[in-house]
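Subject: Handover of a structure and the findings from it

Dear colleague,

Please find below the structure that I am handing over to you.

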Amino acid sequence: DQAYKGIAAETASVDSAVDETRGTILVSATGVVHAYYSSCDGGYTSGGDALADPQPYLAAVPDPYCTDSPDDAWSADVPIDAFSAALRNNYGDIGTITAVAPGRRDESGRLLDVAVTGSSGSIDVPATALRALVGNHVMRSTLVDSIAVGGGSVHFVGRGFGHGVGMSQWGARGMAEAGKSPDDILAFYYRGVQFAQIADRLESR
């Protein structure tokens, strides 16, 4: 998956794939492609705006291929005391937390911000900042379907793991298992790009 585990974890098929594609790059009209990827996009890729990189090939599109991911759907409970402390340390004290609600969403359905209400005030927190506050492995993405406060915790229900921009690793695996070629996979996640040889690009300078 995302973490490279060293030479000991390499396989003959991986080595072969590296050798066969050596020197091949993806290019677009704007230059070499910024090939972002994440673990699982939760059924909808995110546009490049999510990473402040609005490239035309980084589009928000439905993705039916990453349903085998263990993070395709997830839920998490954050203790209200820990949530309140993290919020207070970064945004000030708004009293006892009484509600946490989804705010605006982007075209992929990911949250842009979250409305937090307390007994002495309220605040809109950027969703990416909130994810960092509670833990990126707890709130696995900003593709959050619902948030509720109760039972001494803040309960999140969401989909996907990571920012969702570009290629989904689990989606690429699903496409490969469905018989799609490497070219098909890259063309799906990076729209309108072309293959080029890096040597040719250097010689043309």
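In what follows, a residue is called buried under 20% relative accessible area, exposed over 50%, and partly exposed in between, using a 1.4 Å probe and protein chains only. The model is predicted, so local features need pLDDT of at least 70 and side-chain atom pairs count only at pLDDT 80 or more, while totals for chains, interfaces and linings use all residues. Residues are numbered from 1 along each chain as its sequence is written, and side-chain values use heavy atoms, with hydrogens and water left out.

Overall view

The protein chain has 205 residues, of which 40% are buried. Its C-alpha trace spans about 65 × 35 × 30 Å along the principal axes.

Salt bridges

A salt bridge is taken here as a side-chain nitrogen of Lys or Arg within 4 Å of a carboxyl oxygen of Asp or Glu. Five salt bridges are counted by this rule.

One of them joins Asp71 to Arg140, with the closest N and O atoms 2.9 Å apart. Asp71 belongs to the loop between strand E3 (37-38) and strand E4 (74-79), and Arg140 to the loop between helix H3 (127-134) and strand E8 (144-150), so the pair ties together parts that are 69 residues apart in sequence. Asp71 is buried, at 11% relative accessible area, whereas Arg140 is partly exposed at 22%.

Another salt bridge links Asp113 with Arg104, and here the closest N and O atoms are 2.7 Å apart. Asp113 is buried, with a relative accessible area of 11%, while Arg104 is exposed at 54%.

A further salt bridge connects the side chains of Arg173 and Glu177, at 3.3 Å from N to O. Both residues lie in helix H4, four residues apart, which is about one turn of the helix. Arg173 is partly exposed with 44% relative accessibility, and Glu177 is exposed with 53%.

Strand pairing

Two strands are said to pair if DSSP finds at least two bridges between them. Strand E9 (residues 153-158) pairs with E4 in the antiparallel sense over six bridges, and Asp77 stands opposite His155 of E9. E8 and E9 also run antiparallel and are joined by six bridges; Ile147 has Phe156 in E9 as its bridge partner. The hairpin of E8 and E9 has two residues between the strands, and Gly151 in this hairpin takes a positive phi near 65°.

Most residues other than glycine have a negative phi, and most peptide bonds are trans. Ala52, a residue other than glycine, has a positive phi near 55°. Ala52 is found in the loop between E3 and E4 and is exposed, with 70% relative accessibility.

Pockets

A pocket is an open set of points on a 1 Å grid over the protein atoms alone, where a 1.4 Å probe fits and protein lies on both sides within 12 Å along at least five of seven lines; lining residues have an atom within 4 Å of a point. Grid points are joined across faces, edges and corners, and a volume is the space filled by probe spheres set on the points.

The largest pocket holds about 1300 Å³ of space. Its lining has 33 residues, and Val14, Ala17, Val18, Met167 and Ala172 lie nearest its centre. Helix H1 (12-20), strand E1 (24-28), helix H4 (169-177) and helix H5 (182-189) are the elements that give two or more residues to this lining. By class, the lining of the largest pocket has 18 nonpolar, eight polar and seven charged residues. For these classes, Ala, Val, Leu, Ile, Met, Phe, Trp, Tyr, Cys and Pro count as nonpolar, Asp, Glu, Lys and Arg as charged, and the others, Gly among them, as polar.

The second largest pocket has a volume of about 360 Å³. It is lined by 24 residues, with Ser46, Asp49, Ala50, Leu51 and Asp106 nearest its centre. The lining of the second largest pocket divides into nine nonpolar, ten polar and five charged residues.

With kind regards
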